[in-house]
Amino acid sequence: MRVKKNLLLFLLMQFFVVKAQKSMSHQELYWLRYYNQISFNKKWVWHNEVENRRFFKNNSQHQLVTHTHLHYKAFPNLDMALGLTYFLQSPQDPNSTSSFIVPEIRPFQEIAYTNSFTKRFALQQRIRVEERYIHKNDGKILQDGYNFNFRFRYRLQASFKLRKDDRNPQTIVKIGDELMINGGESVVYNQFDQNRFYAALEQEINKNVSIELSYINWYQQRSAGNQFFDRDIVRLTLYHKINLD
C-alpha cells in the first residue's frame, strides 16, 4: 500500500512539474481562403487554394499559404492526389514589429477514402504525407539552404446535408479533426506537431459557388517541446468550381 501511495505521489508531482514547465500562448486569428476546383473529367480534378492568415490583434500578418494539387479518382470512394504548397511564415507574435518572413516549399501526397452512408451523410478519412523544406534562418536573416522534415497528417471529417432535395442549393454541416505528426532527424522535442478541430457551415449559392464559415481550434507544439500555441480561428472560404468536361 505504501508503494502505491508513493507511486501516486510521484505521478502527481510529475504532472505538476510538467504543467509548471509548459508555456501556453493563446491567440485569435481569422483566415480568408479562396478554393478553386477545375474538373477536366470525372477522374481528374485540379485544386488550387490561396489563404491569408492574420491575427485579430493589430491585424498583423501571420501566414500566407498557397496550395496546388492534382486529384485522381481511382474509385468512386477513393481519391489520390499530388500537390505542392508554398508557405510564407511571418512572426508568430501579433505585437511584433518585424517584417521578417520565412519561406517554405512543401510537396505532398495524399489519399482520401469516403464512406457515403446515405445521400445526406458522409464520413471521409484522409492521410497526407508532406516533405517540408523550410528556409534556414537565424530569426532575422535568411541563410543558405533548407531544413527538412516529414509531416504525417490524418484527418477525419463528417458532413451532413440539411436538405433532402439536391435540386436546390444545399446547406452542409461539417465537423472534423486533423492530427499532424513530425518525422525526421531534425525533429527532437516536437514529434507531435499539432491538432486541429473544426466545425463548419457551408452554403451553396449555386452548383459552382459556395461560401463556408468555420471555427478551428489549432493546438500546436513548438520546436522547444515545452511551448505551445492554443489558437481560436474563424475562417471564411469561397469555393469555386469550374467544369471543363
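Let's start with a tryptophan: leaving out residues up to four places away in sequence, W31 touches E51, N52, R53, R54, R196, I216, W218, I233, V234, R235 and L236, where contact means heavy atoms within 4.5 Å. This is a predicted model, in which local features need pLDDT of at least 70 and side-chain atom pairs count only at pLDDT 80 or more, while totals for chains, interfaces and linings use all residues. Residues are numbered from 1 along each chain as its sequence is written, and side-chain values use heavy atoms, with hydrogens and water left out.

**The big picture**

- The protein chain has one helix and eleven strands; these are DSSP runs, with helices being H or I of at least four residues and strands being E of at least two, numbered from the N terminus.
- Reading from the N terminus, the order of elements is α-β-β-β-β-β-β-β-β-β-β-β.
- Of the 245 residues in the protein chain, 37% are buried; buried means under 20% relative accessible area, exposed means over 50%, and partly exposed is in between (1.4 Å probe, protein chains only).
- The accessible surface of the chain is about 14,900 Å², and carbon and sulfur atoms account for 61% of that (Shrake-Rupley method, 1.4 Å probe; for residues, only the protein chains shown count as cover).
- Take the contacts between residues at least 6 apart in sequence: 50% of them join residues at least 24 apart.

**The barrel**

- Eleven strands close into a barrel in the order 1-2-3-4-5-6-7-8-9-10-11, and the pairing is mixed; two strands pair if DSSP finds at least two bridges between them.
- Neighbouring strands of this sheet are turned by 20° against each other on average, direction ignored (axes are lines fitted to C-alpha atoms, for helices over the stretch in contact, and angles run from 0 to 180 degrees between N-to-C directions).
- Strand 2 and strand 3 (residues 61–75) run antiparallel and are joined by eleven bridges, with W44 standing opposite Y72 in strand 3.
- Strand 4 (residues 78–89) is antiparallel to strand 5 (residues 102–116), and twelve bridges hold that pairing; here A81 faces E110 in strand 5.
- Eleven bridges pair strand 5 with strand 6 (residues 121–137), again in the antiparallel sense, and I105 stands opposite Y133 in strand 6.
- A hairpin of four residues takes the chain from strand 5 to strand 6.

**Salt bridges**

- Side chains of opposite charge can pair when their charged atoms come close.
- The structure has 17 salt bridges, each one a side-chain nitrogen of Lys or Arg within 4 Å of a carboxyl oxygen of Asp or Glu.
- One of them joins the side chains of E51 and R33 (4.0 Å, N to O). That pair links distant parts of the chain, with E51 in strand 2 (residues 44–55) and R33 in strand 1 (residues 23–39), 18 residues apart.
- E51 has a relative accessible area of 4%, so it counts as buried, and R33 is buried too, at 11%.
- R126 and E110 also meet through their side chains (4.0 Å, N to O), bringing together strand 6 and strand 5 from positions 16 residues apart. Both R126 and E110 are buried.
- In the K174 and E202 bridge, the closest N and O atoms are 2.8 Å apart. K174 sits in strand 8 (residues 171–183) and E202 in strand 9 (residues 192–204), 28 residues apart.
- K174 is buried at 13% relative accessible area, and E202 is buried at 10%.
- A network of salt bridges links E104, R106, E110, R126, R128, E130, R132, R151, R153, E178 and D193.

- N52 lies in strand 2 and is partly exposed, at 24% relative accessibility.
- Apart from neighbours within four places in sequence, N52 is in contact with Y30, W31, L32, Q61, Q63 and L64.
- From N52 to G83 it is 31 residues in sequence and 19 Å in space, C-alpha to C-alpha.
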